[in-house]
Amino acid sequence: MEEKRLIGVDLGGTNVRAAHISSEGIEKMNIEAVKSKGSVQDVLEQIYGLIDQLGLEGIEGIGLGVPGPVDEDRGIVYELINIPAWKKVEVKKKFEERYGIPVKVQNDANCFAVAEKFYGKGHECRSFIGLIVGTGMAGGIFINDQLYTGPNSMAGEFGMIKYLDKFYEYYSCGQFFNNVHGISGKEAYKRAVSGDKQAIDMWKEFGNHLGTAIEAILYAYDPEKIILGGSLGQSLSLYEDYIWTALDNFAFKNSLKNLKIEASELDNPGLLGAAALHHL
């Protein structure tokens, strides 16, 4: 990876983070609760403040990751559900006018995959899926060492595919536990690790649903590896066996033989991936 000093910004629904990032990773980070109910300008000023605190000496570019649709060529962010005022924001233009350095913008699932490519478990892979399994479910796709985003940067929205009576996200991310069993994923985790059989069975059920979603991804992309991120990715040991059980009837056994499904080990992948957009 080419040595560059960059700033990564991770704009989430709860927090906004900004950090100095080098080839070694995060050097310095600032974080605040995002002003999610504020105006477009309120949130922009908040991000500017975090960047200004870091300083731009020696910085060659800024990357921003957001939880929603992006026109990556023009750097326009659309319809952020968790920040209602952000309907259409020309982020690239505004940031480049303010700072005078290149700015790249991408959605958070793609940033996760980029982080894994340059800093994590996707480094040795030519084709892999970085699959966020948290409050929602979405993925970033690398094919032959290239990030594939689609014309609207929304490729990889696997959670929106119809499944059973709903769609995959209803059953294959943290929503599952509340939607189906009326408890939080955090509570289900606590109960399962303490040996509660009912909770263990919930994770078995969850693993089967997620395995079915992964089966569809395999038929579409045939990746070498699927890297799970998000809060539920860190709980992989509770349901990994049930993913593989759900894949028992997958038609192409040689693909399964070579496939790896692993949990991300990165801290703050959104920041790392946003900055690493400048390495693509």
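Buried means under 20% relative accessible area, exposed means over 50%, and partly exposed is in between (1.4 Å probe, protein chains only).

I'm working on a predicted model, where local features need pLDDT of at least 70, side-chain atom pairs count only at pLDDT 80 or more, and totals for chains, interfaces and linings use all residues. Residues are numbered from 1 along each chain as its sequence is written, and side-chain values use heavy atoms, with hydrogens and water left out.

**Entry: salt bridges**

I looked up salt bridges (a side-chain nitrogen of Lys or Arg within 4 Å of a carboxyl oxygen of Asp or Glu). The structure has 14 of them.

**Entry: Lys 117 and Asp 145**

I found these two in a salt bridge, with the closest N and O atoms 2.5 Å apart. Lys 117 sits in helix α3 (residues 108-119) and Asp 145 in the loop between β10 (137-143) and β11 (146-148), so I noted a link between distant parts of the chain, 28 residues apart. Helices (H or I, at least four residues) and strands (E, at least two) are DSSP runs, numbered from the N terminus. Asp 145 counts as partly exposed because its relative accessibility is 30%; Lys 117 has 10%, so it counts as buried.

**Entry: Arg 5 and Glu 27**

Here the closest N and O atoms of the salt bridge are 3.0 Å apart. Arg 5 lies in the segment before β1 (6-11) and Glu 27 in strand β3 (residues 25-33), so the pair ties together parts 22 residues apart in sequence.

**Entry: a network**

I also saw Lys 121, Lys 225, Glu 262 and Glu 265 linked in a network of salt bridges.
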